[in-house]
Amino acid sequence: MVDARNDLVLGLKTGPQSLPAEWRLSAGVVSYGAALAAMEARAAAVLAGRAPELIWLLEHPPLYTSGTSARPEELIESRFPVHATGRGGQFTYHGPGQRVAYLMLDLNRRAPDVRRYVATLEEWIIRALARLGVQGERREDRVGVWVSRPDKGEGFEDKIGAIGVRLKRWVSQHGIALNVAPDLTHYSGILACGVSDRRYGVTSLRDLGLTASMTEVDEALRREFEPLFGPLSDSHSLIPTEVEIQT
């Protein structure tokens with residue numbers, strides 16, 4: 001019998017001898033191609049033991065990405081560049097005002113369990129949102145973090161946090177996207193995450209009436225990361241827009 005997602009064990013801490021994961025923040029927007037190349041190189045370095053694990057926070061210019069389960073008909077209009085990726089899931093949007101966090105974690109040393117990893121990423125977002133005064137929730141049949149919207153009607157809810165991951169030899173790539181204050185009309189070019197039910201849309205902190213800054217969101221994410229994944233390095237280095245992060 002497969003465990004229900006709400007019953008999965010949460011948390012993926014490393015052992016006491018492991019080095020802390022590195023926490024990095026990019027200023028400005030980072031092109032998708034540069035981010036993908038840097039992420040793949042860093043993941044390879046993590047697997048080879050040449051670099052510590054990394055959590056990389058950034059923003060992208062407006063673009064769409066397609067996951068391994070995306071179908072052509074889910075791209076309604078190519079309003080922005082479309083990038084094919086190796087992550088799971090369907091189409092999603094990235095753009096300014098959305099906090100993207102890419103995680104390069106070695107699950108060989110944590111727990112080689114993709115369902116537990118995804119559920120822990122959801123829990124990370126849920127706990128960070130709680131710090132900001134928003135009740136995010138997990139759903140059994142839909143990956144991501146959702147917010148109930150009774151103001152829109154009975155049974156309506158919107159996604160505020162998306163998740164898409166890729167595991168290569170149990171080292172993770174890609175990660176989460178949390179809507180802080182993006183232009184939500186940019187989602188109109190895709191069937192976001194393959195969800196067609198009109199009761200399920202997208203939202204953001206700003207859409208919900210919150211004025212949290214990106215800095216406040218980053219602080220909430222950092223505070224809630226360690227209880228679930230373990231310690232982070234103390235250096236929060238700002239890295240340039242087109243950065244090489246292999247080492």
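How many bridges join β3 to β5, and do these strands run parallel or antiparallel? Four bridges join them, and the two strands run antiparallel. This is a predicted model.

- Strand β3 covers residues 63–66.
- L63 and T65 point one way from β3, while Y64 and S66 point the other way.
- Both pairs of side chains are buried.
- On the β5 side, Y64 has Y93 as its bridge partner.
- β3 also pairs with strand β4, residues 82–84, over three bridges.
- That β3–β4 pairing is parallel, whereas β3 and β5 are antiparallel.
- On the β4 side, S66 has A84 as its bridge partner.

**Strand β9 and its partners**

- β9 spans residues 171–179.
- Nine of the nine residues of β9 are buried, so the strand is largely enclosed by the rest of the structure.
- β6 pairs with β9 in the antiparallel sense, over five bridges.
- Within β9, L178 stands opposite R99.
- β8 also pairs with β9 in the antiparallel sense, here over eight bridges.
- Within β9, G175 stands opposite G164.

**The β8–β9 turn**

- β8 and β9 form a hairpin with two residues between them.
- Most residues other than glycine have a negative phi.
- R169 is not a glycine, yet its phi is positive, at about 55°.
- W170 also has a positive phi, near 70°, and is likewise a residue other than glycine.
- R169 counts as exposed because its relative accessibility is 64%, and the cut-off for exposed is over 50%.
- W170 has 32% relative accessibility, so it counts as partly exposed.

**Nonpolar cores**

- The largest nonpolar core has 38 residues.
- The residues with the most contacts inside this core are I55, Y117, L121, W124, L205 and F229.
- Elements giving two or more residues to this core are β2 (54–59), β6, α3 (114–131), β7 (145–148), β8, β9 and α4 (214–229).
- α3 gives the largest share of this core, eight residues.

**Contacts of W124**

- The contacts named here leave aside neighbours of W124 within four places in sequence.
- W124 is in contact with W23, I55, A101 and L103, among others.
- Its contacts also include I176, L221, E224, F225, L228 and F229.
- I55 and F229 are, like W124, among the residues with the most contacts inside the largest core.

**The largest pocket**

- The space in the largest pocket is about 390 Å³.
- The pocket is lined by 25 residues.
- R87, G88, G89, I163 and G164 lie nearest the pocket centre.
- Elements that give two or more residues to the lining are β5 (91–94), β6 (98–104), β8 (157–168) and β9 (171–179).
- β8 gives the most to this lining, with five residues.
- By class, the pocket lining has 12 nonpolar, nine polar and four charged residues.

**The cavity**

- Rolling a probe the size of a water molecule over the atoms shows where empty space is left.
- A search of the whole structure finds one cavity of 30 Å³ or more.
- The largest cavity has a volume of about 70 Å³.
- Its lining has 12 residues, and K159, A162, N179, Y187 and V202 are the closest to its centre.
- β8 and β9 are the elements that give two or more residues to this lining.
- β8 gives the most to the cavity lining, with four residues.
- By class, the cavity lining has seven nonpolar, four polar and one charged.

**V29 in strand β1**

- V29 sits in strand β1, residues 22–29.
- V29 counts as partly exposed because its relative accessibility is 35%.
- V29 and E216 are 187 residues apart along the chain, and their C-alpha atoms are separated by 18 Å.

Key: Residues are numbered from 1 along each chain as its sequence is written. This is a predicted model: local features need pLDDT of at least 70, side-chain atom pairs count only at pLDDT 80 or more; totals for chains, interfaces and linings use all residues. Side-chain values use heavy atoms; hydrogens and water are left out. On a 1 Å grid over the protein atoms alone, a cavity is a set of points where a 1.4 Å probe fits but cannot get out, and a pocket is an open set with protein on both sides within 12 Å along at least five of seven lines; lining residues have an atom within 4 Å of a point. Grid points are joined across faces, edges and corners, and a volume is the space filled by probe spheres set on the points. Ala, Val, Leu, Ile, Met, Phe, Trp, Tyr, Cys and Pro count as nonpolar, Asp, Glu, Lys and Arg as charged, and the others, Gly among them, as polar. A nonpolar core is a set of buried Ala, Val, Leu, Ile, Met, Phe, Trp, Tyr and Cys residues joined through side-chain atoms within 4.5 Å. Buried means under 20% relative accessible area, exposed over 50%, partly exposed in between (1.4 Å probe, protein chains only). Contact means heavy atoms within 4.5 Å. Two strands pair if DSSP finds at least two bridges between them.
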